[in-house]
Amino acid sequence: MTSETAATQYAYVDSPIGRLLLAGRAGALSLIYFMSGRGRMTPDPAWQEDPRPFAEARRQLEAYFAGRLRGLRPATGARRHALPGEGVARGGGVPYGQTRAYGDVARRIRRPNAVRAVGAANGQNPLPIIIPCHRVIGSNGSLTGYGGGLPIKRALLALESRQRSLVP
């Protein structure tokens with residue numbers, strides 16, 4: 001069975017920000033959904049529940065929430081796509097525990113007039129937390145837009161800030 005015809009598989013991960021739904025095909029994680037908040041989603045009835053393909057993603061997410069891992073990566077061998085927001089979030093280079101304004105990220109990726117494009121790319125991010133778009137905020141320091149809702153964005157930033165302050 002090719003990855004084009006493979007059924008979508010899914011699994012759940014419990015986290016301090018609520019239950020997460022991991023989904024993908026042929027063992028490649030391609031989506032993380034929030035089970036609560038604004039971006040909540042439930043599995044399609046045609047999807048197959050199978051936690052095995054997501055064991056590494058689960059391990060990384062658990063380590064991230066425990067403060068033992070600062071940079072998450074999709075599992076080795078995962079099919080790589082040009083993910084919306086990935087270039088923006090990674091190109092914006094927002095370090096763990098820090099934030100940058102949308103305009104700062106636009107300038108960092110050498111597209112200073114692309115502030116709205118940065119916001120749109122972050123809004124389409126299929127792998128929140130792994131692609132850390134929660135670190136991008138409004139120019140006045142306000143928390144603006146997040147697929148999981150602002151309470152989840154606030155919780156992720158607080159978690160990273162707390163963990164960062166524990167490192168000498």
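**Close-up views of a predicted model**

**View 1. Tyrosine 12 sits opposite leucine 21 of strand 2.** Strand 1 (residues 8–13) and strand 2 (residues 20–25) run antiparallel and are joined by 6 bridges. Helices (H or I, at least four residues) and strands (E, at least two) are DSSP runs, numbered from the N terminus, and two strands pair if DSSP finds at least two bridges between them. In this hairpin, 6 residues lie between the strands, and glycine 18 takes a positive phi near 110°. Before going on: this is a predicted model, where local features need pLDDT of at least 70, side-chain atom pairs count only at pLDDT 80 or more, and totals for chains, interfaces and linings use all residues. Residues are numbered from 1 along each chain as its sequence is written, and side-chain values use heavy atoms, with hydrogens and water left out.

**View 2. Glutamine 9 stands opposite glutamine 48 of strand 4.** Here the pairing is parallel, with 2 bridges joining strand 1 to strand 4. Zoom out a bit and you get an open sheet of 4 strands in the order 3-2-1-4, with mixed pairing. Strand 3 and strand 4 (48–49) are the edges, each pairing on one side only.

**View 3. The largest pocket holds about 260 Å³ of space.** A pocket here is an open set of points on a 1 Å grid over the protein atoms alone, where a 1.4 Å probe fits, with protein on both sides within 12 Å along at least five of seven lines; lining residues have an atom within 4 Å of a point. The volume is the space filled by probe spheres set on the points, which are joined across faces, edges and corners. Of its 20 lining residues, Asn122, Gly123, Asn125, Gly147 and Gly148 are the closest to the centre. Strand 3 (28–34) and helix 4 (115–123) each supply at least two lining residues, and strand 3 gives the most, with 4.

How values were computed: Buried means under 20% relative accessible area, exposed over 50%, partly exposed in between (1.4 Å probe, protein chains only).
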